[in-house]
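Here is a short briefing for a reader new to this structure. Look at the model first, then go through the points by topic.

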Amino acid sequence: MGAYRHFPVLMITIPMLGAVLLPFLGYLRKRWVATATLLPLAVSAVLGLLLIGRIPADGYLSYELGSWTPHFGIEIRVDYLGLFMMLIVCGISLLALVFSMRYIEREVEGPKLTAFYVLFLLLSAAMLGFTATGDIFNLFVFMEILALSSYALVAVAGNRNAVRAAFKYLLMGAPSSIMVLLAIGFLYSVTGSLNMADLSTRIAESSYSEVLIVAYILFVIGFGVKAALFPMHMWLPDAHSIAPSPVSAMLSGLLVEVSAFAIIRVTFSVFGSGAENLIGGTVDALGIFAAAAVLFGGIMAIIQKDLKMMIAYSTISHIGYIFLGITAFTAEGLAGAMYHVLDHGLAKACLFLCAGSFIYVKGYRRIDDLKGAWRQMPWTCFAFAVASISVIGVPPTAGFISKWYLILGNIEAGNYFYVFVLLSGSILAAVYCFRVIYYMFFQPPKEGAWESRTNEASPSMLAPIWILSFGTLFFGVFSYLLIPSLLKAAAFLL
Amino acid sequence: MRLLHNYHYIGAVILFCIGLYTVIVRRNIIKKLIGLNIMETAVFFFYISLGYVDNGIAPIRVGGADPSKMVNPIPQALILTGIVVAVSVTALALSLVILLYRQFGTLDVDHLMRDEAEEAKEAGE
Amino acid sequence: MKKIISLLFISALGVLLLFVVASMPRMGDPESPTREHVIPRYLENAEEETNSPNVITGIILNYRGYDTSGEVTVIFCALACVLAILGREKRGRIHSYVDRSPVPASPVVKTMVRFLAPFIILFSVYTILHGEISPGGGFQGGAIVGASIIIFTTIFGLWEASRRIPQKFRVPLEGSAFIIFFIVGILGIVGGGNFLTYAWPNIANNLQPSVVLWLTIIVEIGIGLGGAMVLISILFAMMREEEAIAPTA
């Protein structure tokens, strides 16, 4: 046992420690805060990269906190999918942070900047802890950290719309957290355990099927609100479009995916073995909602006039994709869902950061205003186009690979209707994405909109955008690096 | 009749529903937050009842107390965490309410949303 | 209309939940699933393993210490949220509506509060330090400190209170709970165990119980201090805001 077994817990606690120390630094030296925020996240990312190859695709790294055996203490259990998720979280948060160092001063008043960075670090740390934990109550604790910090990050700009959107988000998010807590109580009342692995064996033996079914339903509602699954999505368009752009990138590119990942955990790690017959009905219903989400999100995205609003509705549609991969209950579907998490995280973060660049440089939020933007901001526009292509799912990008496996998984499960839904979701995505691309590249600019010479956003804002859009291409071309292990890990989880 | 034995749980369910009703239906946002707290209390109540054992005593090993009679300590430990979380959510929500009131001059949800619809209309024109 | 729909939805949910709780194990059943799995070991061995007769404290700080470190982060996060939304009170002279109230507090109230506040704080110190033997602990003690400051602030105003607990004193202490948790966690790794191991494997067996006891007390103090400071800072941030929205007389 090398020192690397301590890495997961350090990955989680070092950003938390950074967040706790940051106000003190902000009190002494305000200028260093933004740079100091990068450090703990970078350490986490390095530790995560060092873990690559240490965790087999069909195994996991179990870490007992306080050296107590898992049933008694808390266990951190990082399997291949968990590490995959943690690396996505580290990478995208780092890039969004680099972007926000320049951007955020526009939207957040000076005295609140320290609090913004503290919340940003806490959000990343909570997402890391949320994906890594092997204890169901610990899952709730981290969910609360990420929920609280995301409510505040939506409101951080402090104007009317931001506060209202944050309050709407809170009014949906807080009851959903309580439902998760209730579900944990139900599970505990009939199993007497809180450890996920232990729970799954005890659920398989349990005779209290009614309690288990309702607990699962409550979990799905609770995490579904956080993941903005279709009928529970009302908070998302406002919150994601009004929040500062790096925060939108975090919420849309990571938070909803992490919540979907929690449903994967609950479905497969807790209820998976021996309880499929219990949760079958709920999973079928989940599939119907996911299909509705794909279509609803796509149609709503087409009729939006605000760029960030369009991207937000596109997120609702793509959450539907991820859930369709989960409900297929096949290795291909699950691997496709996980790959979609990666692809969607990169592409959506890129789109939101591009939208942020337009707002930063010109203050334009509406799609009409972007006509002819290509001449003045070519780099941003090209990155936007690449990410959009990935959102649609055109071959050289990662979006194609993930959709391919999602469709394969659903064919194998025999859900031909969902295959049709997935394909029509791509067509809808093509409509809303190509509209923007057409405006950007092939339309003459509006009078007065782009006449004065405009510079691109600064390099520290362009670099994250380009790394993200390059990432969608890279993981599209070199998908063979990840897909076999993901398939193996998914088969292991099933 | 298990239902009659589990009357604490019934109380928790009723409280939970009252809280949810308050959150959904009430127009005043402070009342919505009170509803949220009622929901949380219901869940705490459920947990603590869960830990009870017939003729139970507090789980403190002082004075030769019999461990087999002690109530379950886990729900109590969990709920301590739950209470702190509830306090944090309430603090955040109240500070949002302060800001909402300062900017809109009202605590009525319908009013807030009507403003939003009007603003959207103006933006569309 | 909306009322009727939500009433229907909620009653459906209520019936479902009632149906579920009816099929749960009987409340108070000594043989229910919750009591047979991990509980016996906690109740039997917690005193020796965690060196705290109060099993709940043993669970919170030791068995499930990682949860508690998350919990102190939640409350710190709440402070960060409030500061991000409202901003911290300004250094220097501050007034809240209490300071400017046209009706001053009566001398009886003022004297009583001035007399009681030290005792409340003393009681909170007792609650914190005695947490591993009797009901109590860091959070409870911190909340009691917070309550005493709330009483003081409502009577004497924000200016008086923030003069006694100035910002430069609160800022470093707000995060102390998690910092202490992190240090204890790293000491656990250094001591040869995992993160947050209290009973270090690398030291002599007869020393372990006292190390566990001291670490427990240190963590309790950290939680109490951090929790109290966070609550006070939240209170001050909100009090300052009341000035802005209170109707000016």
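**Overall picture**

A compact globule of 494 residues would have a radius of gyration near 23 Å, and chain A, with 21 Å, agrees with that. The radius of gyration is taken over C-alpha atoms, and the globule rule is 2.2 Å times the number of residues to the power 0.38. This is a predicted model: local features need pLDDT of at least 70, side-chain atom pairs count only at pLDDT 80 or more, and totals for chains, interfaces and linings use all residues. Residues are numbered from 1 along each chain as its sequence is written, while chains are lettered from A and ligands numbered from 1 in the order in which they are written.

**Chain A as a whole**

- Chain A holds 19 helices and two strands. Helices (H or I, at least four residues) and strands (E, at least two) are DSSP runs, numbered from the N terminus.
- The C-alpha trace of chain A spans about 70 × 60 × 40 Å along its principal axes.

**Helix pairs in chain A**

- Helix H11 (residues 276-302) of chain A packs against helix H12 (residues 307-327) of chain A at an angle of about 155 degrees, and their axes are 7 Å apart. Axes are lines fitted to C-alpha atoms, for helices over the stretch in contact, and angles run from 0 to 180 degrees between N-to-C directions.
- H11(A) and H12(A) are therefore roughly antiparallel to each other. Angles under 35 degrees count as roughly parallel, over 145 as roughly antiparallel, 65 to 115 as roughly perpendicular and the rest as oblique.
- H11(A) and H12(A) cross in a left-handed way. A crossing is left-handed if the near helix is turned anticlockwise from the far one by less than a right angle, and right-handed if clockwise.
- Residues of H11(A) in this contact include Val283(A), Leu286(A) and Phe296(A), and those of H12(A) include Met310(A), Tyr313(A) and Leu324(A). Two residues are in contact if their C-beta atoms, placed from the backbone, lie within 7 Å.
- The contact of H11(A) with H12(A) has 16 nonpolar, seven polar and no charged residues. Ala, Val, Leu, Ile, Met, Phe, Trp, Tyr, Cys and Pro count as nonpolar, Asp, Glu, Lys and Arg as charged, and the others, Gly among them, as polar.
- Helix H3 (residues 80-107) of chain A and helix H13 (residues 331-361) of chain A pack at about 0 degrees, with axes 11 Å apart. That makes H3(A) roughly parallel to H13(A).
- Among the residues that meet are Leu81(A), Phe84(A) and Arg106(A) in H3(A), and Met338(A), Leu353(A) and Tyr360(A) in H13(A).
- The contact of H3(A) with H13(A) divides into 15 nonpolar, two polar and one charged.

**Where chain A meets chain C**

- The contact takes 51 residues from chain A and 48 residues from chain C.
- Elements of chain A that each supply at least two residues to this side include helix H1 (7-28), strand S1 (60-64) and helix H6 (160-191).
- H5(A) gives the most to the side of chain A that touches chain C, with eleven residues.
- That side of chain A has 34 nonpolar, 13 polar and four charged residues.

**Where chain C meets chain B**

- Here 47 residues of chain C are in contact with 44 residues of chain B.
- Helix H1 (2-22) and helix H10 (208-245) of chain C are among the elements that give two or more residues to the side of chain C that touches chain B.
- H5(C) brings the largest share of that side, ten residues.
- By class, the side of chain C that touches chain B has 31 nonpolar, seven polar and nine charged residues.

**A helix pair in chain C**

- H3(C) and H4(C) pack at an angle of about 65 degrees, with their axes 9 Å apart. That makes H3(C) roughly perpendicular to H4(C).
- The crossing of H3(C) and H4(C) is left-handed.
- Tyr42(C), Leu43(C), Ala46(C) and Thr50(C) of H3(C) make the contact with Val55(C), Gly58(C), Ile59(C) and Asn62(C) of H4(C).

**UniProt annotations**

- An unreviewed UniProt entry lists "transmembrane region" for residues 6-24, 33-53 and 73-101 of chain B. UniProt positions are given in the numbering used here, feature names are shortened, and annotations may be inferred rather than shown by experiment.
- Residues 6-24 of chain B are 95% helix and 0% strand, with end C-alpha atoms 27 Å apart.
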